[in-house]
Amino acid sequence: MNDELSSTLTRRLGGIAYGGDYNPEQWDRATWVEDVRLMCEAGVNLVTVGVFSWSSLEPRDGHFTFGWLDEIIDLLWSNGIAVDLATPNAAPPPWLAGHTDTLLVERDGRRVSIGSRGHFCPSSELYRDRSRRIASALAERYRNHPAIALWHIGNEYHAHCFCDTCDSRFRGWLQHRYGSLEELNDRWGTTFWSQGYDAWDQVHLPSKVRGHVNPTRELDFSRFTSEVQHELFLAERDILRAAAPGIPITTNFMAFFPLIDYRRWAEGVDVVSLDMYPDPAVPGSLIEAAFQYDLMRSLRHGQPWLLLEQASSAVSQWQVNVAKSPERMRLGSYQAVARGADSVMFFQWRASRYGQEKFHSAMVPHGGESTDTWRAVRALGQELDTLRDVPGSRIRAEAAIVWDWDNKWAVEGAAHPLNSFSYRDVVMEHYRALWRTGVHADVISLDDDLSAYRVIVVPNQYLLSQHAADALRRFVENGGHVLVSYFSGIVDEHDHVALPGYAPGLRETIGAHVRDITAIREGEAIPLVVSMEIADLPGSAAAMRWQDDIGLETATALVSYGSGRFAGRPAVTDNRLGAGRAIYVGTTLDEGLLGAIMSDLVKTAGVRPPLSAPADVEVVERRSEAASYLFALNHSDEARNVVLEREAIDRLTGVAYSSGHTLELAPQDVAVLFSARIGA
Ligand code: GLA
Ligand code: ZN
């Protein structure tokens, strides 16, 4: 991992990157001057330029108009504002879209037309050529410009295309992957429903079929889709890297986009970056944001990442777009920094006068300087200046939770007892329980190095390779504590059931086997009998949605079903193996019981939160060699107290506290408690 290059950005900026997407092509020169004045006032040091500028930069095929971009980059730089310069491939202009084979085809065979964005076919040679050509032209022209601090390739790659060019590319990808038709037939299980292929030209991508689909074919198409877009990214990256080897490169990831395996993509960027839009109207959406932030940090093994987009207030793309309060905007921004972001950036700088997103909030709203949003944006930029030494500091996590895209594609593509199933929801239920314990957690895959952790939570790992199953077993044997939840270890990487059913790869680890799986009727809750000694047990406990019929081997039952077909049989089991422990949860537990079990797991594993705090105060510690920064974030609408365990200075207020001091955090307030690490 090239940390040197990733930290170039914040070293150049001398602190946390602050700014947003800037679209000067929508404004006149007088507004540019006003923009720069306001940027300076708000402490903006980085803006993302050019994301959707293709038609303004190349209005006709091969005819470039870089003059305005030269001008604005110079203007920004002469005011000390650096540029995250984008390649504009996300929105090909009409002249290119006039070649219809550059346009994306949807699953039903319909070719999309222009007027939106992201309408390109990732396999089109012409699209590939023209997007590379403009990337090269930008690289050539600006590679030595001192303003350019970061390259931003494309925007939120995320398209499935079903055109003929993608079809033949998919076939080539399969030929390379499987080598022979026999292998493909075997992996895709084509004896089911008479799908045996006799020649390669019979093999196609999964465009619309009459009824249900072949799940392995779908799984492979998802893998291919991630890869084919990655090729586009890598081609542009190589152009930029060759032209300007000292400038870090990113592409903005989008929270919960299903079509890209960001773990694989993260290997190819210099710094991971994320766009995050937690809905202020949805309770707990900041916990989902925390999950994304932990994921982004973990993709490159703890390397700080960039929050490249968030909203200053409301978005405009949902059904109901509730405004984010200035307090919540500040809280959410610090939450990202607490969890490893070295930037706070927004979409976008100035609210557009026209276009689809004209009512999307911005750093400078339509109402300008008189708005609460502007005042909050300006205050935050000024405040972030007190955290100049935070970039580069890291979070040490002893707990981890698994998130795996291959698994997501597989489990959501399979037909099984509960087809309303959402992998994201199951992972989030477990992450919420972990978040409430207050411990730092990374978000990993079972292919990562597990040795740094004491606790690993494995929610619903339906697709489990032998390699991952072995790694998990060794982790436990060596003293690790795991919690594995239902419908895990069910299929191999080809989506074939691992026999004997179910979960043979987990059998030794959990000390049990799963004889059968079944769904619980919608709305039904089966009472549970808890036989474990555990703190904070809820008064009553219930199982929902899913039931495993578990056969105990070396494990004991912690919780059993109180009624129904499986009455008396285990719902949650506990196994000791080697020096470690594995808890297996064979159902959806209610929040109270899952929380109590999670908290018991981290406690018995000896993992502690950085500071004990009330449940709705999030505390995260970033550390450098010389300093500790304890971020305390009060999510509550009421004041909350935390007792400091060492002397510290709140960087945001400049007030010094002694160890043992009770710090009162106002509603939604934040403290960044700095302590020197003596002798560290
Ligand atoms: C995405 C895009 C932006 C903008 C925002 C609006 O993240 O990258 O261009 O559309 O959403 O929230
Ligand atoms: Zn295509």
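## Zinc site

At 3% relative accessibility, Cys161 is buried (under 20% relative accessible area, with a 1.4 Å probe and protein chains only). Cys163 is buried too, at 3%. This is a predicted model, where local features need pLDDT of at least 70, side-chain atom pairs count only at pLDDT 80 or more, and totals for chains, interfaces and linings use all residues.

Cys121, Cys161, Cys163 and Cys166 coordinate the zinc ion (ligand 2) through their SG atoms, at 2.3 Å. Donors here are N, O and S atoms within 2.8 Å of the metal (3.2 Å for Na, K and Ca). Their spacing along the chain is C-x39-C-x1-C-x2-C. The site is tetrahedral, with angles of 99 to 119 degrees among its 4 donor atoms (four donors, all angles between 85 and 135 degrees). Residues are numbered from 1 along each chain as its sequence is written, and ligands from 1 in the order in which they are written.

## Helices α8 and α10

Helix α8 (residues 164–178) packs on helix α10 (residues 215–243) at about 105 degrees, with axes 10 Å apart. The two are therefore roughly perpendicular (65 to 115 degrees). In the contact (heavy atoms within 4.5 Å), α8 residues include Cys166, Phe170 and Trp173, and α10 residues include Phe221 and Phe224. The contact has 8 nonpolar, no polar and 7 charged residues.

## Helices α12 and α16

Helix α12 (residues 285–299) and helix α16 (residues 423–437) pack at about 95 degrees, with axes 10 Å apart. They too are roughly perpendicular. Among the residues that meet are Ile287 and Phe291 of α12 and Met428 and Trp435 of α16.

How values were computed:
Side-chain values use heavy atoms; hydrogens and water are left out. Four donors count as tetrahedral if all angles lie between 85 and 135 degrees; four count as square planar and six as octahedral if opposite donors are over 155 degrees apart and all others between 65 and 115; anything else is irregular. Buried means under 20% relative accessible area, exposed over 50%, partly exposed in between (1.4 Å probe, protein chains only). Axes are lines fitted to C-alpha atoms, for helices over the stretch in contact, and angles run from 0 to 180 degrees between N-to-C directions. Helices (H or I, at least four residues) and strands (E, at least two) are DSSP runs, numbered from the N terminus. Angles under 35 degrees count as roughly parallel, over 145 as roughly antiparallel, 65 to 115 as roughly perpendicular and the rest as oblique. Ala, Val, Leu, Ile, Met, Phe, Trp, Tyr, Cys and Pro count as nonpolar, Asp, Glu, Lys and Arg as charged, and the others, Gly among them, as polar.
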